Amino acid sequence: MTIRSWSVSWWAASNPILWYKQNSSVMRFFLIVFMLAIFQAGHADHDTRLAGKAARIHTAAFTVDSHTDTPIFLARYRFDFGDRHDQQNNRTKVDLPRMKDGGLDGIFFAVFIGQGPRTPEGNRDAHAQVLMILDSIQATLDRYPEELEPATEASDLKRIAREGKHAIYLGMENGYPLGNDLTLLEDFHRRGIRYITLVHSSNNDICDSSTDTLEHGGLSPFGEEVVSRMNDLGIMIDLSHASDDTFYDVVEMSRAPVIASHSCARALCDHPRNLTDDMLLRLKENGGVIQLCFVSEYVKAFEPDPQRDSARQAIGEKYGQFGEMTEAEREAFMEEWFDVDRKFPQEMATVKDAVDHIDHIVQVAGIDHVGIGTDFDGGGALEDCYDVSQLGNITLELVRRGYSAREIKKIWGGNLTRVLRKVEKAVLFQ
């Protein structure tokens, strides 16, 4: 190397502008790596802060799920609620250990009765099923008195949670067991039932279902008596599964706020089980609340799955109406039903999809009229909130979207207990 070439090289190396021009691609590479590292570190730190904030809010909130079908397992599968169960193998979504993991303070166990024949014999059988399921719930409460406590009033949620226990409220899904006997409402109220879903997937003697033919045009004359008597007793009227006409009839005549214990917004997922924007506005006027359902097909529209649909249809045709099955037939039905999920896994909605519904409901009806009713153990499950242990993911997404602690506490129980409190105040003492 000559002196001149050495001096030029030394000058280039010591001159940052010239060096950058000669090595700009290398510099850009390292600059990008450096900036990405800073961004990722900042992003991770931001996520950590959000997760911490969400955890604190979730822990501080008095949380309640307004609808789970767990009693199906308590009554029919010798299911021990105190054991931790694997969510994928036995398909159950709720037990005591996972309630603790998910920070769930209270829960409404739904006493589900499938629609059977509307005859005196069918009504008696349905009533007997209700009593059997209630007995199985009571047996679970008796087995874990240090962990679980029955709840019947709005104020019970906070009191029981502060004692370190979980509040167990009761609802009845389908008014079919009433038959045509209004006096049974008093018996159900005495046993602790604090809401009744007026109808399920088929019409009954009370009203029309959202997934059946037009029969009564909404409430039947007997249904009007049921609504009035539920107001008298302090039983919340649940309009999930009810037809649109039934919904409007009830909100018109009820002197207490109503609920939809497990429904979504029809504007985001066009399913008759969901509520239209006009219905959300009427619910707001009524002072009621819609509890967001986690059944994926009510959260998000998916492309048809012919194999899965055909398999489900074949099982339905094989066993007929759930309410008309024997105990052994019900167990076989459930096993085959769940087996379809294993053979043809369902495409699932996500937490973000579900919280989109909360956003929409808040935009239409306001923050005071939305809550959570997962429908766990009755078909409810999201891809990233598959069981009760993952409920904190809902709170995290709400925090990400800017909901305040006060708003989140309303969603997680404040709104529902407000409605129950108003229903209690509407009671006619006789």
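**Stop 1: a positive patch**

Select Lys158, Arg162, Arg421, Lys422 and Lys425 in this predicted model. Together they form a positive surface patch. A patch is built from residues with over 30% relative accessible area and no salt bridge; like charges are joined within 9 Å, and nonpolar side chains (Val, Leu, Ile, Met, Phe, Trp, Tyr) within 5 Å. The accessible areas come from the Shrake-Rupley method with a 1.4 Å probe, and for residues only the protein chains shown count as cover.

Now colour helix 7 (156–162) and helix 17 (405–425), the elements that give two or more residues to the positive patch. Helix 17 gives the largest share, 3 residues. Helices here are DSSP runs of H or I with at least four residues, strands are runs of E with at least two, and both are numbered from the N terminus. Click on Lys422, which lies in helix 17. Lys422 is partly exposed, at 41% relative accessible area. The scale runs like this: buried is under 20%, exposed is over 50%, and partly exposed is in between (1.4 Å probe, protein chains only).

A note on the numbers: residues are counted from 1 along each chain as its sequence is written, and side-chain values use heavy atoms, without hydrogens or water. Because the model is predicted, local features need pLDDT of at least 70 and side-chain atom pairs count only at pLDDT 80 or more, while totals for chains, interfaces and linings use all residues.

**Stop 2: a negative patch**

Select Glu224, Glu225, Asp245 and Asp249, which form a negative surface patch. Helix 9 (221–233) and helix 10 (244–253) each supply at least two of its residues. Pick Asp245 in helix 10. Asp245 is partly exposed, at 39% relative accessibility.

**Stop 3: salt bridges**

Side chains of opposite charge can pair when their charged atoms come close. A salt bridge needs a side-chain nitrogen of Lys or Arg within 4 Å of a carboxyl oxygen of Asp or Glu. The whole structure has 28 salt bridges.

Start with Arg49 and Asp45, whose side chains meet at 2.3 Å, N to O. Both lie in helix 3 (residues 24–60), 4 residues apart, about one turn of the helix. Arg49 is partly exposed at 49%, and Asp45 is partly exposed at 40%.

Go next to Asp232 and Arg229. Their closest N and O atoms are 3.4 Å apart. They sit 3 residues apart in helix 9, about one helical turn.

Then show Asp368 and Lys410, which meet at 2.6 Å, N to O. Asp368 lies in the loop between helix 15 (351–365) and strand 9 (370–372) and Lys410 in helix 17, so this pair ties together parts that are 42 residues apart in sequence. Asp368 is partly exposed at 31%; Lys410 is buried at 17%.

Finally, select Glu149, Asp156, Arg159, Glu163 and Lys165: salt bridges link them in a network.

**Stop 4: a covered strand**

Show strand 8 (residues 289–292). Is Val289 buried or exposed? Val289 and Gln291 on one side are buried, and so are Ile290 and Leu292 on the other. Both faces of strand 8 are covered.

Two strands pair if DSSP finds at least two bridges between them. End on Ser263, which stands opposite Leu292 in strand 8.

Note on methods. Lys and Arg count as positive and Asp and Glu as negative; His and the chain ends are not counted. The place of a charge is taken as NZ of Lys, CZ of Arg, CG of Asp or CD of Glu.
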